[in-house]
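Try each task yourself before you read on, and keep the model open beside the text.

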Amino acid sequence: MEKLFISCALPYANGPCHLGHLRSTYIPADIYARYNRMNNVDTVMVCATDEHGTPIAVRAEQENKSPKDITDVYHELIGNDLKSCNISLDSFRRTTDKKHYEFAQEFFLELYNKGYIYKKDIEQLYCEECQRSLPDRYVEGLCPYCESEARGDQCEVCGHHLNPIELKEPQCLICNGTPVVQESQQYYFKLHEFQDQLGDWINNNEHLPKNVKNFAKEWVNEGLEDWVMSRDMKWGVPIPLEDAEGKVLYVWGEAFIGYQSSAATWAEEHGLDWKQYWDDKTVHFIGKDIIYHHTIFWPSMLMGREWNLPYSVVGGGYLSLEGRKMSTSKGWVIWVKDFLDKFDSDLLRYYMVINAPLDKDTDFSWDDFQRRINNELTDILGNFVHRTFTFTHKFFDGKIPEKGQFDDMDMEFLKIIEELPDKVANDIDTFKFRDGLQEIMTTCKYANKYFNDKKPWKAVKEDINSAKNCLYLSNQLVHTLAIVLNPYLPEATQKIRDILNMPVEDVEGFMKFENRSPLVEWNESKKLLDEGYEIKKAKPLFKKIEDKTIQEQKDKLYATLKDEEEEDDNMSDKISIDEFAKVDLMVGQIKEAEKIEGSKKLLKVQVDLGEEIRQVVAGLAERYEPEELVDRKVIVVANLQPAKLFGVESNGMLLATDSMELLTTEGNVGEHIR
């Protein structure tokens, strides 16, 4: 039986989960896991909290606590967040587990004994006031590349990997003193020896998504330098050598191994061999900020041990919030628990997937969330399912009617139903999760049109054969949806299955070993329900979200901005290069344009941006007739915060001159303008 090892990036145990974590990593991993289980692939999905490293050690010192006190709290909170979103992990462990220490130390020793790890004298920062070395995050200063505020080993603004001694104006994070440079002996991994092997793996691995491959290739092409594997501190996995007292493994030298130690703990509990899963097929789901680590550091470590490399590394893009970068320190964030206090997890899963391809950055907007849930999930999917069940009960006593002779419309609908499972399967197999969900929603749109054109409420009196065919085929699609939607919306599909009188799965929480074989298999989506099959009465799948509810959430979020310092009235109106870089300009093509009733200046236009059709309200009505704009290629500010103008939602801006002459371009639709 085919086996599959899925890992989710280890969440850092210094805070709960926010929506960005779910979007980039855990929801796509869960979709892939659920789909593969439904295809009888013996799947194990693992994760653990990452509990070492300097940020936690620094925080513990600042709060006069032990690091374990902090990680105990957040391990539980993170676990609850993942359970509440129905992330079906088989194992959720900790890098402070004894098993993990054993695995990490063994891994280090194997590489050391093979000659891939060596000692090296280096310069590092030392705080004379605290009387100790200052590893990465114990130091803050200015990035030498972009001069932004930076801590430790990486600048979060420009993304450069840093050596702490490179920081300008360094300060000790504990005492605020100025550290000095001092010599220290550390352990280094011979990363350069794997340059060619890594290049071959990255270039020839057809399963690596394009964004991951391109990012990794850049680093390999620049040339790889050996990588420090140790830190002078107490918090972490001790280096298992006699002369390494006071040194621990750099967190990126042991965090990866948390995938394997988590799987090993699970396998040991159930009498299985974790490595059989690893050796068959391994897929890592991560955020794009750690692509470098998972395509350079980790594969080279595996090569050193002569172990199988991952089948793929799937890197999810960033999630901004209402057009701004998320900031947990400033409160500009939506925590998973707060979200789920108001909304069902399926609504989050839907919006996080449908909003943009996984490899692209995207934005969470409360207004857009409401629009998509109300106009798509409720009006398209929920409406079709509900009216199918309702009319089946009203006209055919809750039983699938006998089909008659199909007309062309029926045949076309049947073909669409039959093709849907394979289309969605192919998209999930290739990590195009949004495409798969779009296929489902496009089918539901067609199904609603088919239903409206057939008018079974009228045909039941005038053409009973047409009414029977309509309800027969509509119920077949609902049955198919109850299967192909399961990886995406596990709670909603169980509601559908209950109405269909089919076994219902417990989707809440982590996977229980005895429930690892799903009740429904993917291939069942291609089977048709028998004529006369009885169903229960309909229940609404989703409720529309009221304006009041969204406004409450927006007020709560935007209240955090009131605490920020107001800008100086005399500040120059010139912007910095960094501010300009935030503006996302794209080439779009206007597909539709119409006047907005009651407004002399505004037009509502639909702009094709390649991956999506975006609605924009533009003040062009006094200069252009709507039909003049159709097919024009325009420049769109694509990351503008959504707004309502004259009661119509606008999601972007068209660039024009002061005289409202539209700026046009000959670029390709969907291209970003640099």
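**Exercise 1.** Which residues does glutamate 594 touch, not counting residues up to four places away in sequence?

*Solution.* Before starting, note that this is a predicted model, where local features need pLDDT of at least 70, side-chain atom pairs count only at pLDDT 80 or more, and totals for chains, interfaces and linings use all residues. Residues are numbered from 1 along each chain as its sequence is written, and side-chain values use heavy atoms, with hydrogens and water left out.

Step 1: find glutamate 594 in strand β17. Helices (H or I, at least four residues) and strands (E, at least two) are DSSP runs, numbered from the N terminus.

Step 2: look for contacts, meaning heavy atoms within 4.5 Å. Glutamate 594 touches Leu603, Lys604 and Pro626, once residues up to four places away in sequence are set aside.

Step 3: check the accessibility. Buried means under 20% relative accessible area, exposed over 50%, and partly exposed in between (1.4 Å probe, protein chains only). Glutamate 594 has 39% relative accessibility, so it counts as partly exposed.

**Exercise 2.** Which strand does β17 (residues 585-595) join through five bridges?

*Solution.* Step 1: recall the rule that two strands pair if DSSP finds at least two bridges between them. Strand β17 is joined by five bridges to β20, and the two run antiparallel.

Step 1: pick out a facing pair. Glutamine 589 stands opposite lysine 633 in β20.

Step 2: follow β20 to another partner. Over two bridges, β20 pairs in the antiparallel sense with strand β23 (residues 653-654). Here valine 637 has methionine 653 in β23 as its bridge partner.

Step 3: ask how enclosed β20 is. Four of the five residues of β20 (residues 633-637) are buried, so the strand is largely enclosed by the rest of the structure.

**Exercise 3.** What is the strand order in the open sheet of three strands?

*Solution.* Step 1: the order is β7-β6-β8, with antiparallel pairing.

Step 1: find the edges. β7 (149-151) and β8 (168-172) each have a single partner strand, so one side of each is left without a neighbour in the sheet.

Step 2: read the twist, which averages 25 degrees from one strand to the next.

Step 3: look at one pairing. Three bridges connect strand β6 (residues 139-142) with β7 in the antiparallel sense, and glutamate 140 has arginine 151 in β7 as its bridge partner.

**Exercise 4.** How do the axes of helices α1 and α14 cross, at what angle and within what distance?

*Solution.* Step 1: two packed helices are described by the angle between their axes and the distance between the axes. Axes are lines fitted to C-alpha atoms, for helices over the stretch in contact, and angles run from 0 to 180 degrees between N-to-C directions.

Step 1: the axes of α1 (residues 19-38) and α14 (residues 408-429) come within 10 Å and cross at roughly 125 degrees.

Step 2: classify the angle. Under 35 degrees counts as roughly parallel, over 145 as roughly antiparallel, 65 to 115 as roughly perpendicular and the rest as oblique. Helices α1 and α14 are therefore oblique to each other.

Step 3: name the residues that meet. Ile31, Tyr32 and Tyr35 in α1 meet Ala425, Ile428 and Asp429 in α14.

**Exercise 5.** Which residues have the most contacts inside the largest nonpolar core?

*Solution.* Step 1: a nonpolar core is a set of buried Ala, Val, Leu, Ile, Met, Phe, Trp, Tyr and Cys residues joined through side-chain atoms within 4.5 Å.

Step 1: the largest one has 183 residues, and those with the most contacts inside it are Phe364, Phe369, Leu481 and Tyr488.

Step 2: look around tyrosine 488. Leaving aside neighbours within four places in sequence, its contacts include Ile31, Val424 and Ile428.

Step 3: there is also a second, separate core of 18 residues, which includes Val605, Val616, Ala618 and Ala621.

**Exercise 6.** Is glutamate 322 buried or exposed?

*Solution.* Step 1: glutamate 322 lies in the loop between β15 (319-321) and α11 (336-340).

Step 1: its relative accessibility is 3%, so glutamate 322 counts as buried.

Step 2: check the backbone. Most residues other than glycine have a negative phi. Glutamate 322 has a positive phi of about 50 degrees although it is not a glycine.
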